[in-house]
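Here is a short briefing to read alongside the model.

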Amino acid sequence: MPICTCKDRALDESHVCQMNPSDEHEDIEHEWNTEYDPAVRYTDGSVRLRNPNIELMDQDILYHLALGSGSHDLVEMFGDVKFVCMGGTPKRMEDFAHFIMKEIGHKLPAGTTLLDISQYSYRYSMYKVGPVLSISHGMGMPSVGILLHEMIKLMYHAKVKDPIFFRIGTCGGIGLEGGTVVISEEAVDGMLKSYLEVPVLGKMVRRPAKLDRQLARDLKALAHRDDPYDTVIGKTMCTDDFYEGQGRMDGAFCEFTENDKMDYLNKLHKAGVVNIEMESLSFGALTHLAGIKSAVVCVTLLDRFKGDQVLAPKEVLNEWQIRPQQLVARYITRYLQRKGRLSLDGHGSVYVKSPRRFKLVQQESENYD
């Protein structure tokens, strides 16, 4: 078996070493171009839904995105998308949209600016930069879960082929200093279970929360040796809560001691958990169910062994939050370079199929009572 020089591990012949890539390989990620699972892909690689009801609907309103399959020409608007990048806040994802625009050499037509495509939803913000979507997902699993349902349906309606989803965010480190970039190899809950439990029609449904490990390794290989911070791969614990669920003692309620907290953090550390956040379990479960490659890349804001509160200055936090964006941008840029797809047009224009339905979708999304 050949040996990968960047990882010192035996791999099969199809592996591409990221530190010393061979010219004969055209992609840094492993395209699903051989056999597709018919449950989640059509023969051309475009996304297929695990819901036969959608095909029978006159139009599908993506309520929380202020889009609709009957009101908007979704193929024209989003058919060229390859990467969907999600993060917590609208401001962070607007900043990322401008950042990735510079990184891939994308230029807007004179006199235009980036458009928040979902501005009339008043919930999420979404920007399109060529083949990249940058969209805010809010805070916690319910919010990211709602968004993923509609983003996966958007991929279906737009006939997108083999999309790759990224979550770019922040987290608390377990034995890692603030500013460390963490790539999740697996998502677990507070009981260290690696699946999402969802009550459906009174029954509990379990969905494995699997992230693409090859994608995680490809991202890790793009970390630069001269980066002034560490980039690591490890397990991520996902919680339903920022305070008690993460063992914080500074919430409105606390019914455990400092020793209890430290015992729990040590248990997590021994189990291979390196960070804590609030979205990865849902993100991994739904993208896996949809057959979509996905990765979670976060930056630590503090080491939870050393405290509960985020005390770093705002300017330091802002710089740290750029770090996972840079890593994901390296992956996207390198992919597009090898595909010869840099400097593409398309910045999120709205293509209307039916003015009447367009107005209806806009009014429905604005009605958030």
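Eight helices and 14 strands make up the secondary structure of the chain in this predicted model. Of its 369 residues, 52% count as buried. The accessible surface comes to about 17600 Å², and carbon and sulfur atoms account for 51% of that area. If we take contacts between residues at least 6 apart in sequence, 76% of them join residues at least 24 apart.

**Nonpolar cores**

- The largest nonpolar core has 36 residues, and those with the most contacts inside it are Leu67, Phe78, Met151, Leu154, Met155 and Phe165.
- Two or more residues of this core come from each of α1 (74-78), β5 (83-87), β7 (132-136), α3 (141-157), β8, α6 (280-289) and β14 (293-303).
- The element that gives the most to this core is α3, with eight residues.
- Leu154 is in contact with Leu62, Leu67, Leu74, Phe78, Met126 and Leu133, once its neighbours within four places in sequence are left aside.
- Another core lies apart from this one; it has 32 residues, among them Met101, Val132, Tyr229 and Tyr335.

- Met101 lies in helix α2, and it is buried because its relative accessible area of 12% is under 20%.
- Leaving aside neighbours within four places in sequence, Met101 is in contact with His106, Leu108, Leu114 and Val129.
- Met101 and Lys128 are 27 residues apart along the chain, and their C-alpha atoms are separated by 9.4 Å.

**Annotated binding site**

- In an unreviewed entry, UniProt places the feature "binding site" at Arg123, Arg167, Ile168, Gly169 and Thr170.
- Of these residues, Arg167 and Thr170 are included in the lining of the largest pocket.
- Arg123 sits in the loop between α2 (90-103) and β6 (126-129).
- Is Arg123 buried, partly exposed or exposed? Its relative accessibility is 28%, so Arg123 counts as partly exposed.
- The side chain of Arg123 makes a polar contact with the side chain of Tyr63, at 3.3 Å.
- Gly169 belongs to strand β8 (residues 164-173), and Gly169 is buried, with a relative accessible area of 4%.
- Not counting residues up to four places away in sequence, Gly169 touches Arg92, Val297, Cys298, Val299 and Pro324.

- Asp162 has its place in the loop between α3 and β8.
- Asp162 counts as buried because its relative accessibility, 11%, is under 20%.
- Which residue does the side chain of Asp162 make a polar contact with? The partner is the side chain of Arg41, at 3.4 Å.

**Helix α6**

- Why is α6 largely enclosed by the rest of the structure? Eight of its 10 residues are buried, so α6 is largely enclosed.
- The buried residues of α6 are Ser280, Leu281, Ser282, Phe283, Gly284, Ala285, Leu286 and Thr287.
- Gly291 follows α6, and the phi of Gly291 is positive, near 70°.

Technical notes:
Residues are numbered from 1 along each chain as its sequence is written. This is a predicted model: local features need pLDDT of at least 70, side-chain atom pairs count only at pLDDT 80 or more; totals for chains, interfaces and linings use all residues. Side-chain values use heavy atoms; hydrogens and water are left out. UniProt positions are given in the numbering used here, feature names are shortened, and annotations may be inferred rather than shown by experiment. On a 1 Å grid over the protein atoms alone, a cavity is a set of points where a 1.4 Å probe fits but cannot get out, and a pocket is an open set with protein on both sides within 12 Å along at least five of seven lines; lining residues have an atom within 4 Å of a point. Helices (H or I, at least four residues) and strands (E, at least two) are DSSP runs, numbered from the N terminus. Buried means under 20% relative accessible area, exposed over 50%, partly exposed in between (1.4 Å probe, protein chains only). A polar contact is a pair of N or O atoms within 3.5 Å; within protein, one must be able to donate a hydrogen and the other to accept it, and residues adjacent in sequence count only if both atoms are side-chain atoms. Contact means heavy atoms within 4.5 Å. A nonpolar core is a set of buried Ala, Val, Leu, Ile, Met, Phe, Trp, Tyr and Cys residues joined through side-chain atoms within 4.5 Å. Accessible areas come from the Shrake-Rupley method with a 1.4 Å probe; for residues, only the protein chains shown count as cover.
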